[in-house]
Amino acid sequence: IMSVFRDVTQAVPVAVFKLSQDFNNDQDPNKVNLGVGAYRTDEGLPWVLPVVKKVEKVIAHDDRLNHEYLPILGLPQFRSWASKIALGAASPAVQEDRVGAVQCLGGTGALRIGAEFLRRFHNGSNNTKTPVYVSAPTWENHNAVFASSGFEDVRSYKYWDAQNRGLDLAGFLGDLETCPEHSIFVLHACAHNPTGTDPTQEQWMKIAEVMMRRRLFVFFDSAYQGFASGDLDKDAWAIRYFVSMGFEMFCAQSFSKNFGLYNERVGNLTIVARDPDNLQRVLSQMEKIVRTTWSNPPSQGARLVAITLSDPGLFEDWKANVKTMADRVLLMRAQLQAKLQALGTPGTWGHITQQIGMFSFTGLNPKQVEYMVKERHVYLMASGRINMCGLTTKNIDYVAQSIHATVTSVQ
Ligand SMILES: Cc1ncc(COP(=O)(O)O)c(C=O)c1O
């Protein structure tokens, strides 16, 4: 008998996971993986943050905890502390009881729940035609998350100026000026993935001015708070500025990177509303969306984060752990740039240290990327994006030599 699945076509593998698989199958002793989107130590290993280890033991020994269902919207302490990390504990919006949150499965879950809500209720009900704008380029899942939530018109706004290896502010502002009113804009809060290039404060102010005047919806994606500058407050500057300007908005927060809790799926969707009444109605609908999506969220990651953020001593431990990760990225940036310059590698390499966060957009073109992978066994995304944490004291010379060999032999 024929299978009921006979007409199912084979889907294309997710690029970043496919790259890791190819890397694992590679037998070359010099191979390096610069593709993954996770932190690595100088030994090239995943890192369980010491503060997380400490709190895991606290949780294991706390006999008052159990495995009952959490509320549909998640652990209350987690939700409020997570929002305060983004907005600042002193935020007037928090004091005015117009900030709420939904505990979500990672930053992805927060984007998805937010997208689902917007499709149902923003700019009329079930308005699948409202344009959603994501940066060009962006984290590749942004497009798909909004499309899967029913939005039919996902577009790109100008962001990266390849020629000058920087922000295309004029292009960005132009798209904000000409897009339809009420369009939704996904903004990377800091440490833009994949370009490592953020607007300056003055540039954010211009962006906010147009967005306010044109009634555009602000949806921040904050997946790397702490990774841009090493300082949590500095990295939240853009979010806090938009809140201070009076925007109603969403902010999807991920604790995957800054807590190293990738597989615990701990994220938060912060909602800033005009007033408590609007907020409560929004939350009541969020509850309906979550109920049919995952019904109740998992507790371990949320507990770890809530306990850490609410205890002044643990909070200091965490900030120091985040700084350790951010500093290692900065060190690798400085060393890679210095090594390329010492080798006399053609091109300019200032962007390696000008860019911030976990990633660097090398400027290598697809042919050069292919050469890096095939001839040098250095794995990176087709866009030319490299994860700075994939570099270690041991492999950085080999990577610099590989980039040099690549740009001198492939144009
Ligand atoms: C820009 C951006 N947003 C969201 C996410 C999602 O993070 P999570 O793993 O918490 O779902 C990532 C992860 O790579 C990201 O880079």
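**Ligand site and labels**

Mentor: The ligand is surrounded by Gly106, Gly107, Thr108, Trp139, Asn193, Asp221, Ala223, Tyr224, Ser254, Ser256, Lys257 and Arg265; a residue is near a molecule if one of its heavy atoms lies within 4 Å of it. This is a predicted model, in which local features need pLDDT of at least 70, side-chain atom pairs count only at pLDDT 80 or more, and totals for chains, interfaces and linings use all residues. Residues are numbered from 1 along each chain as its sequence is written, and side-chain values use heavy atoms, with hydrogens and water left out.

Trainee: Which atom of the ligand is 2.6 Å from an N or O atom in the side chain of aspartate 221?

Mentor: It is a nitrogen atom of the ligand. The protein covers 91% of the 390 Å² of accessible area that the ligand has on its own (Shrake-Rupley method, 1.4 Å probe; for residues, only the protein chains shown count as cover).

Trainee: Why is threonine 138 called buried?

Mentor: Its relative accessibility is 14%, and buried means under 20% relative accessible area, exposed over 50%, partly exposed in between (1.4 Å probe, protein chains only). Threonine 138 therefore counts as buried. The residue is found in the loop between strand 3 (132-136) and helix 6 (141-148), where helices (H or I, at least four residues) and strands (E, at least two) are DSSP runs numbered from the N terminus.

Trainee: What makes the pair of threonine 138 and histidine 188 a polar contact?

Mentor: Their side chains come to 2.8 Å. A polar contact is a pair of N or O atoms within 3.5 Å; within protein, one must be able to donate a hydrogen and the other to accept it, and residues adjacent in sequence count only if both atoms are side-chain atoms. The side chains of threonine 195 and histidine 192 are likewise joined by a polar contact, of 2.8 Å.

Trainee: Why is threonine 195 buried?

Mentor: Threonine 195 has a relative accessible area of 0%, so the label buried applies. Threonine 195 lies in the loop between strand 7 (184-188) and helix 8 (201-213). Proline 194 lies in that loop between strand 7 and helix 8, and the peptide bond from asparagine 193 to proline 194 is cis, with omega near 15°.

Trainee: Why is proline 346 called partly exposed?

Mentor: Proline 346 is at 42% relative accessibility, and therefore counts as partly exposed. Proline 346 is found in the loop between helix 13 (312-343) and helix 14 (351-354). From valine 407 it is 61 residues apart in sequence and 7.0 Å apart in space, C-alpha to C-alpha.

Trainee: What makes helix 5 mostly covered?

Mentor: Of its 16 residues, 12 are buried. Among them are Gly106, Gly107, Leu111, Ile113 and Phe117.
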